[in-house]
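Let's take a friendly tour of a protein model. Keep the structure open beside you while you read.

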Amino acid sequence: MKVFLSWSGDRSKAMAEFLRIWLPDVIQAVNPWISSRNISQGSRPLANIADELASSNFGIVCVTPENRGSEWINFEAGALSKTLEDSVVVPLLLGIDKAQVTGPLAQFQMTVSTVKDEVYKLVSDMNDKLGEAALAGDRLERSFEQNWPSFSEEFEKISLSTNPQEPKVEEGRSDSDLLEEVLLLARRQERRLVDVESSVQSLMRIREQGFRKERKVVAGSESRNRNVTQEIMANVIGLMLHKYEVLSAHFDDGAAWVGLEKMPIEGEDGFEEFQDTMVLLAEELKITVTAESPTGRYTHHV
């Protein structure tokens, strides 16, 4: 089973790198993936990350005081929870209480890394997802007990390695990188949707009698894929237009309609920047985008 380890910042990265080694010591059937270690030289990192997000069915998000508001880990957690119906996303906390976690991460069942019973439950939940490859309960408990001291010692070192009051700049990850990753996932969903629609068209050429069930199944898949694609596109819109305070976004007939709290109008300061953002957004999503606010409306056609 592939386990995606999400990180942002130095201490979070150290947590993920340790888990990459520690988890297989406890459960040999898991295969942790972390972007700082598993991307081969010469490959495109963001494409690799998007592929791993799409193929993972368990995710651990390494959360520290300095990264709890990170767009990266919030996006990756959301992508993991939407990619597969049986996904499990667990924020693993270091140096921060559950009550201090806000935003998208707050919806998940969190684990405090200093509480042994909670870490064991995380490992047990992961083991349950393995099916026939899962360890027997007593064997899992023995394996965990043998490896817990190393986990506890290492996480204590990581906790003391950086002053939480002096957060560092996130390593090597920018908003433009995040946008590219979102778009990669959106395009993969687009390709999946095209494949499904092609299957529907093929079925429509077959006689109605005897194939109603198959068409119903494919149509259901089409609807789910379309919903996921629109959610990813809404994430792109929210990221690119965040400074204008996005209130809503909906899609209809190859177009997007976005409600904004504020929006500069032609002739005002900031209008050219807003116009350029709208052009880029429409071209990247390949749809017509209309933005509306109490002060006006702006549309860019593809």
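What follows is a short briefing on nonpolar cores and salt bridges.

Keep in mind that this is a predicted model. Its largest nonpolar core has 32 residues, and a search of the whole structure turns up eight salt bridges.

**The largest core**

- Helix H1 gives the largest share, with seven residues.
- As general background, nonpolar side chains tend to be buried together in soluble globular proteins.

**Zooming in on Ile 60**

- Which residues does Ile 60 touch, leaving aside neighbours within four places in sequence? Its contacts include Val 3, Phe 4, Leu 5 and Ser 6.
- Leu 19, Leu 23, Val 90, Leu 92, Leu 122 and Met 126 are also in contact with Ile 60.

**A second core**

- There is also a second, separate core, this one with 21 residues.
- Among its members are Met 240, Phe 274, Ala 291 and Tyr 298.

**Salt bridge: Glu 118 and Lys 98**

- Glu 118 pairs up with Lys 98 in a salt bridge, and their closest N and O atoms are 3.2 Å apart.
- Glu 118 is in helix H5, while Lys 98 is in the loop between E4 and strand E5 (111–112), so this pair ties together parts that are 20 residues apart in sequence.

**Salt bridge: Lys 116 and Glu 145**

- The side chains of Lys 116 and Glu 145 form another salt bridge, at 2.9 Å from N to O.
- Here the link runs between two helices: Lys 116 lies in H5 and Glu 145 in H6, so the pair joins parts that are 29 residues apart in sequence.
- Lys 116 has 30% relative accessibility, so it counts as partly exposed; Glu 145, at 39%, is partly exposed as well.

**Salt bridge: Glu 292 and Arg 297**

- Glu 292 makes a salt bridge with Arg 297, with the closest N and O atoms 2.8 Å apart.
- Glu 292 counts as partly exposed, at 33% relative accessibility.
- Arg 297 has a relative accessible area of 55%, and since exposed means over 50%, Arg 297 is exposed.

Methods: Residues numbered from 1 in each chain as written. Predicted model: local features only at pLDDT ≥ 70, side-chain atom pairs only at ≥ 80, totals over all residues. Heavy atoms only, no water. Core = buried A, V, L, I, M, F, W, Y, C linked by side-chain atoms within 4.5 Å. Buried < 20%, exposed > 50% of the residue type's maximum accessible area, 1.4 Å probe, protein only. Helix = DSSP H or I, 4+ residues; strand = E, 2+ residues; numbered from the N terminus. Contact = heavy atoms within 4.5 Å. Salt bridge = Lys/Arg side-chain N within 4 Å of Asp/Glu carboxyl O.
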